[in-house]
Amino acid sequence: MVEPIQTMPDPSTKKVPASGPSTLSVHAGEARVKPGFSITDPIFASSTYTFPDTQAIVDFLEQGQSREEYGRYGNPGERVVEDKLAALDAGEASVLFSSGMAAFVGLLMAHVDAGDDIVFFDECYHRSREFCRRHLTRFGVGFREVRTCDYDAMEAAITPRTKFLISESPTNPQLSVVDIERFAEIGRRNGVLTLIDATLSTPYNVKPLEAGVDFVLHSATKYLGGHNDLLAGAVTGSAELLEPVRNLRGIMGGVNAPHNAYLLERGLKTLALRMERHNANGQAVAEFLAGHPRVQRVLYPGLPDHPFHAIAKQTMRGYGGLVTFFLRDADWRQTAAVIDAVKIPRIGPSLGGVESLIEQPMVMSYWNYSPEERAGFRIPDNMVRMACGIEDAEDLIADLAAALDVAE
Ligand SMILES: *Cc1c(COP(=O)(O)O)cnc(C)c1O
């Protein structure tokens, strides 16, 4: 007789007896024995989940059983990814969303009330700040920004109304690195929740929860998925603080379809391997650019002259694949000419995938702002942002060298 297919993994088999980033990437969150004895998690292409009889529904509701009910509240593949991410982030729990922004909006909507206010470091992702400035303010939630890594200014901005301190680390595209322990300590001392958007660092390079923050957020669209083929987001933290976030997600509906969750789980398997290469490529490309006569300046936390190199070295395993540089004596068109001359990186927004991407932030993200506003955002016309993929560093460097020559 054929064994019946198990409908749910047995949670008791999920604990992985190791904590290395690669072992966790491959195994954490997964049941050891899976439906059909498959080594990979199946994709349950299902919008609803059935009960054998009415008593089973009553038992489910009364005993808080761990099983699925309806697709808007999650699906089995999504739970596996959540458990894997919680293990990678060294957090109790993780809630997955359909995009990084859905995770950000879901987290804040679950935790802020009218009359609260939020303090940001000013280099945070512009859509995150826009959500607070343009939308949360409509519900009576205040919004302030202080200069990134100015901890005294952040502390001074805290009032009895302040509910959240928010930063990214590293920031994008300036690549400022936050002293996360110090940031978390300011929050704790003032009774304010802290959130680090760690999209650019990933749990491979940094573990903000271990440094004491309350929440860590990821756009899983970037390094976690890693293949430029999906959108997803996640927030990790304590089970208690995430309970209202999960509840609100079930109401707002920003879940991942089962196929998307599978792609993310598959991408996560190689997170540690890919990050090693992204880190190595970022460092090699940054060092090459720093020595090039047409490059005025390079921002990369792994370079000794980076303003936050010391804290980065102390707190990060590696510095990621994003490299920001400025062309010497170049206006926006001369800068664009270099971008148009590269042959390996593709031109476009985003980062964190196996394919390298290159862009000019002034054009890609800030075209509709005035020169004064761009100066305020610290986005000059000659700034280039390269998101190194996992290609061979020598090829990326040769390609950049040729582009810097051709476009001269
Ligand atoms: C891309 C990004 C986001 C938004 O994530 P989506 O998945 O695109 O919604 C948030 N924060 C950072 C740092 C990002 O790079």
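Modeller: Start with two helices. Helix H4 covers residues 100-111, and helix H5 covers residues 126-135. They pack at an angle of about 35 degrees, with their axes 10 Å apart. This is a predicted model: local features need pLDDT of at least 70, side-chain atom pairs count only at pLDDT 80 or more, and totals for chains, interfaces and linings use all residues. Residues are numbered from 1 along each chain as its sequence is written, and side-chain values use heavy atoms, with hydrogens and water left out.

A few terms first. Helices (H or I, at least four residues) and strands (E, at least two) are DSSP runs, numbered from the N terminus. Axes are lines fitted to C-alpha atoms, for helices over the stretch in contact, and angles run from 0 to 180 degrees between N-to-C directions.

Now look at how the helices cross. H4 passes H5 in a right-handed crossing (the near helix is turned clockwise from the far one by less than a right angle). Contact means heavy atoms within 4.5 Å. H4 brings Met101, Phe104, Val105, Leu108 and Met109 to the contact. H5 brings Arg127, Ser128, Phe131 and Cys132. These residues divide into seven nonpolar, one polar and one charged. Here Ala, Val, Leu, Ile, Met, Phe, Trp, Tyr, Cys and Pro count as nonpolar, Asp, Glu, Lys and Arg as charged, and the others, Gly among them, as polar.

Next, turn to the sheet that H5 packs on. It is open, has seven strands and runs in the order S1-S7-S6-S5-S4-S2-S3, with mixed pairing. Two strands pair if DSSP finds at least two bridges between them. Strand S1 (93-97) and strand S3 (142-146) are the edge strands, and each pairs on one side only. Neighbouring strands are turned by 20 degrees against each other on average, direction ignored.

Zoom in on one pair. Strand S2 (residues 117-121) and strand S4 (residues 162-168) pair in the parallel sense over four bridges. Val119 stands opposite Leu165 in S4.

H5 touches S2 and S3, and the direction of H5 makes about 155 degrees with that of S2. Helix H9 (residues 239-252) packs on the sheet too. H9 touches S1, strand S5 (193-197), strand S6 (215-219) and strand S7 (233-237). The direction of H9 makes about 20 degrees with that of S1.
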